[in-house]
There are 2 protein chains.
Amino acid sequence: MTEDKNIDPSISGQNETPLRAADKILNVARDLFYRQGIRAIGVDEVVRKAGVTKPSLYRSFPSKDELAASYLRRYDEEFWERFDEAVAAHPGDPRAQILAFLSRVAKRSQKPGYRGCGMTNAAVEYPEPEHPARLVSEDNKKELRRRLRAMAAAMGARDADELGDGLLLLIEGAYISAQLFGPGGPSQSVAKNAELLIGASLKG
Amino acid sequence: MTEDKNIDPSISGQNETPLRAADKILNVARDLFYRQGIRAIGVDEVVRKAGVTKPSLYRSFPSKDELAASYLRRYDEEFWERFDEAVAAHPGDPRAQILAFLSRVAKRSQKPGYRGCGMTNAAVEYPEPEHPARLVSEDNKKELRRRLRAMAAAMGARDADELGDGLLLLIEGAYISAQLFGPGGPSQSVAKNAELLIGASLKG
DNA sequence: ACCAATACGTACCGATCGGTAACATTGTCA
DNA sequence: TGACAATGTTACCGATCGGTACGTATTGGT
C-alpha cells in the first residue's frame, strides 16, 4: 500500500497553528480505527501516518486501549451533534425528529466506505466487559436507548419502551447492514420502516 | 485465566471414536471465535485448547483466515437449520414462520454470554472485501435478505422488498443490541416489533 | 509381520505486537 | 539568556503473531 504521510490538513494542521502531536494522533486514529477496525491497526501505523513518533503517543495516551477509548469519546460527541441537529430541526415533534435522523443515517449509509457506527463496531471487537473502549460504547448506547424511549413516549405510543426499543433495533440494523451490503442495502429503507412501525405503535 | 485443556466431549471426542485433530480444532475454534472474536484469538490458543499442535492445524487448514472461514461455513449451516426449523413449524404461513424464528432469537439473546450472530461479527472484524471470512458472511446475509423478501411477498406486503429489508434490520439490530445490552436489552422485543411492522405493511 | 500411508509432535522462524529508556532538539515566554 | 514544556531520535524490550522444516508414532491393508 502506498503511504503518503499525509495531505489532509485536519490531520497535519498545516494551516494556521500546527496541531499538537496528541491531536494529530487522535485525528489519524479516528480515521484508521473507524475504517479498518481498532484491532486491525497497530500503534506503529498510527504514529507513522500521523507523522509523529511512538513516545509522543504514549506521552498523551497511557495505552492503545485508552487511545481507542479517546477515539470513541470523540465519536460520541460527534454522534450527539448529528442527533441533536435532527432534533433541533423539528422542535416539539419527536416523530419528525426520529425520521429526520434516520433519513440522514440512510443517506450516509449509501456512501461507499461507510462503516456503520464506530461504537457498535468497537463493542463487537471488544466483548470483554471492562475494556475501556467498550465502556464508552455501552454508555452511548444506553443513553440512546433512554432518549428513544422518551421520544416514543412523547409521540404517544401505546408501549413507549417497546417502540423505543424497536427504533433502536432498526437503527443498529441499519448501521450493521450498511457495512454488510454496502450501497443498495436494507439500510436505505430504515426511515420508511420506522415510519410504518411508529404508525402501528401510536394510541387510538 | 485457568486453562483446563478440555472437558467437553464435543471438543475432545472422548466418547466413542476419538475425533480427528481437524474436528477438535474446528470445535474449539468455533467456540473461541464466537465468544471472543476471531482477531482476539491466536492460533496457539486454538491448538492448545484443542489439545493438538500447530502443524496439525496447518495440515487441515491453509491459514488462520481459512480456519475462520471454515468456522463460519459451519455457523452458516447451523443458522439455516435454526431458520428452517422455524419455517417447518408453520407450513404455508410465512408470517408465523418469521415470528417463530424471531421469538427464538429473542429468547437466545437473553442468555448471558450471547454474542449475536457470528457472521455479522466477523464482517465487522474484517471489512476488507476479499477476506475469506467476510465472503462467507456476505453470502449468508444475501441469502437471508432474499428469503425474507420472498416471505414478505408471500405474506402479501404492499412493498415486499421494503418489508423484507425492515425485518432484516430488526434481526441484525437484535443480534447487535443483544451483545451491547446483554439480557434485558431491546432484542427481547424484536418479535413484537416485527409483528407490528408486518401488520402495518400488509395490503388492504 | 510387514510396509506404506496417514496422523501427529518438537522445535524453530522472522515479523509484528504494545510499550519504554535515555537523550537530543526545538519553540516559547520571561 | 535562561528555563521549561513539548516533541523528536534511536534503540531497545519481552511477548505474541501466523506459519513451517523435519522427524516420529500410529494405523490399516495384505
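How many of the 22 residues of α9(A) are buried? Please set this helix in the context of its neighbours, the other chain and the DNA.

Modeller: The model is a predicted one, and what follows should be read accordingly. In helix α9(A), 19 of the 22 residues are buried, and the helix is thus described as mostly covered. From its first C-alpha to its last, α9(A) reaches 31 Å, close to the 32 Å expected at 1.5 Å a residue.

One partner of this helix lies in its own chain. Helix α9 of chain A, residues 160-181, packs with helix α10 of chain A, residues 190-201, at an angle of about 170°, and their axes are 10 Å apart. An angle over 145 degrees counts as roughly antiparallel. The two helices α9(A) and α10(A) are therefore roughly antiparallel to each other. On the α9(A) side, the contact is made by A:Leu163, A:Gly166, A:Leu167, A:Leu170 and A:Ala174. These meet A:Val190, A:Asn193, A:Ala194, A:Leu197, A:Ile198 and A:Ser201 of α10(A). By class, this contact of α9(A) with α10(A) holds eight nonpolar and three polar residues, with no charged ones. An α-helix has 3.6 residues a turn, so residues three or four places apart point the same way.

Just after α9(A), the backbone at A:Gly182 takes a positive phi of about 70°. A:Tyr114 is placed in the loop between α6 (94-109) and α7 (118-125) of chain A. Leaving aside residues up to four places away in sequence, A:Tyr114 touches A:Arg108, A:Ser109, A:Ala178 and A:Gln179. A:Tyr114 counts as partly exposed because it has 18 C-beta neighbours inside 10 Å.

The corresponding element of chain B bears on the contact between the chains. In that contact, 39 residues of chain B meet 38 residues of chain A. On the chain B side, the elements that give two or more residues are α7 (118-125), α8 (132-155), α9 (160-181) and α10 (190-201). Of these, α9(B) supplies the largest share, with 15 residues. By class, the side of chain B that touches chain A comprises 16 nonpolar, 13 polar and 10 charged residues.

Other elements face the DNA. Around DNA strand D there are 17 residues, of which A:Arg20, A:Thr53, A:Ser56, B:Gly42 and B:Ser63 come nearest. Two or more residues each come from α2 (21-36) and α4 (54-60) of chain A, and from α3 (43-50) and α4 (54-60) of chain B. The largest share, four residues, belongs to α4(A). The surface near DNA strand D divides by class into seven nonpolar, four polar and six charged residues.

Around DNA strand C there are 15 residues, and A:Gly42, A:Ser63, A:Lys64, B:Ala21 and B:Thr53 come nearest. Here the elements giving two or more residues are α3 (43-50) and α4 of chain A, together with α4 of chain B. By class, six residues of the surface near DNA strand C are nonpolar, four polar and five charged.

Within α4 of chain B lies B:Lys54. B:Lys54 counts as exposed because it has 12 C-beta neighbours inside 10 Å. Apart from residues up to four places away in sequence, B:Lys54 touches B:Val43, B:Asp44 and B:Val47.

Notes: Residues are numbered from 1 along each chain as its sequence is written. Chains are lettered from A and ligands numbered from 1 in the order in which they are written. This is a predicted model: local features need pLDDT of at least 70, side-chain atom pairs count only at pLDDT 80 or more; totals for chains, interfaces and linings use all residues. A residue is near a molecule or strand if its C-beta atom, placed from the backbone, lies within 6 Å of it. Ala, Val, Leu, Ile, Met, Phe, Trp, Tyr, Cys and Pro count as nonpolar, Asp, Glu, Lys and Arg as charged, and the others, Gly among them, as polar. Axes are lines fitted to C-alpha atoms, for helices over the stretch in contact, and angles run from 0 to 180 degrees between N-to-C directions. Angles under 35 degrees count as roughly parallel, over 145 as roughly antiparallel, 65 to 115 as roughly perpendicular and the rest as oblique. Two residues are in contact if their C-beta atoms, placed from the backbone, lie within 7 Å. The expected span of a helix is 1.5 Å times one less than its number of residues. A residue is buried if 20 or more other C-beta atoms lie within 10 Å of its own, exposed if 12 or fewer, and partly exposed in between; C-beta atoms are placed from the backbone.
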